[in-house]
Amino acid sequence: METVLRPHARNLVAWAKDKPAVVVLSADLTGSCEVDDFQATYPDRFFSMGMAEQNMIGFAAGLAREGFEPFVHTFAVFLTRRVYDQVAMQVAYPCLRVRLIGFLPGITTPGGVTHQAIDDVALMRVLPNMTVLECGDATDVETVLDVAHSVPGPVYIRMLRGEVPRLFPKTEPFRLGQARILGRGEDVAVLSSGICTEEALRATAALRRRGVSVAHLHVSTLKPFRDPTLLEAIAGVRYGVVTMENHSVIGGLGSAVAELMAEAGVGRRLIRLGLQDTFAHGASRAYLMKEYGLDAMALVRAVETLVGTSLGVTEADLAAVEPALPTGTAQAEAL
């Protein structure tokens, strides 16, 4: 599997070339948020705001009112918890075209609770006018800017950095409100988002070898949540649904699916994989995903629960279909 080094850094510079209204703001995390190339290429369109995120949001709102399209870069946890009132009142309420680019979503950092944005999707989903997107691979990262650019109001993006695997073809870009259909099936539906899709791909391959018919969709638009293919996949399986997200099970993908099923009157069992109403430790991504039940084996166990039998899938089986993971010099998990 191909991995792409700093896809956002390169893509942002090229994408913004013919868009003079696009400006970039950073809160003392320029290199960590991969906008150092943009700063070097377009110094007149880059603003370093220091460790003053609340002020940065107000500044971005002012730029948007003057016709600019500000892309605000910092860690997701600072972009949601720390500046929530400013985002709500100065950006979401007046429905301004401010793009909030949040890095280190969920447990993609060993930084512990101060740096792990495990509730950012929930916080952004409840804000009126806000669109919420999440990248799951390099193709998502390279094409999400076009999606954000097309939205007339504010957008929050869960962004990936460092070495990012490419799971989806370059010719199949991120589409607003459209899940990627990765498999069709009649037994179980798996809806995954973000980095969990890579783990889900390992598990679904092993499950199909055991004879389980699995529908699998990668969900990249978390709000609005009206894609009809989601409900079609859910209604079309006999045993139930599993959601898998790098986030608390409260307020994120699992909650959105539960709301969708309840409103449509779909009577299927739902298992939500994610952080079970708990903060996480600081550790490597691989350790945290296993510890908190976000890895491929956790999905296998959830499917076994739905179908009511052990499928005999082992760690060796999953390793046999394991996609290549980032192993190079980029410190994808570092602060």
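Arg202 and Glu199 are both buried in this predicted model. Their side chains meet in a salt bridge, with 2.8 Å from N to O. Both residues belong to helix α8 (residues 196-209), where they sit 3 residues apart, about one turn of the helix.

Across the whole structure, a search finds 19 salt bridges. Three of them are listed here.

| Pair | Closest N and O atoms |
|---|---|
| Glu134 and Arg158 | 3.0 Å |
| Asp119 and Arg81 | 3.2 Å |

Asp119 is partly exposed at 24% relative accessibility, and Arg81 is partly exposed at 30%.

Glu134 and Arg158 form a salt bridge that links strand β6 (residues 131-134) to strand β7 (residues 155-158), 24 residues apart. Glu134 is buried at 3% relative accessibility, and Arg158 is buried at 1%. Elsewhere, a network of salt bridges links Glu2, Arg10, Glu142 and Arg166.

The protein as a whole has 13 helices and 14 strands. Its radius of gyration is 19 Å, close to the 20 Å that the globule rule gives for 335 residues, so the protein is as compact as a globular protein of that length. Buried residues account for 59% of the 335. Of the contacts between residues at least 6 apart in sequence, 79% join residues at least 24 apart.

There are 31 positive and 37 negative side chains, and the centres of the two sets are 3 Å apart. The protein exposes about 13,000 Å², with 52% supplied by carbon and sulfur atoms.

Technical notes. Residues are numbered from 1 along each chain as its sequence is written. This is a predicted model: local features need pLDDT of at least 70, side-chain atom pairs count only at pLDDT 80 or more; totals for chains, interfaces and linings use all residues. Side-chain values use heavy atoms; hydrogens and water are left out. Helices (H or I, at least four residues) and strands (E, at least two) are DSSP runs, numbered from the N terminus. The radius of gyration is taken over C-alpha atoms; the globule rule is 2.2 Å times the number of residues to the power 0.38. Buried means under 20% relative accessible area, exposed over 50%, partly exposed in between (1.4 Å probe, protein chains only). Contact means heavy atoms within 4.5 Å. Accessible areas come from the Shrake-Rupley method with a 1.4 Å probe; for residues, only the protein chains shown count as cover. Lys and Arg count as positive and Asp and Glu as negative; His and the chain ends are not counted. The place of a charge is taken as NZ of Lys, CZ of Arg, CG of Asp or CD of Glu. A salt bridge is a side-chain nitrogen of Lys or Arg within 4 Å of a carboxyl oxygen of Asp or Glu.
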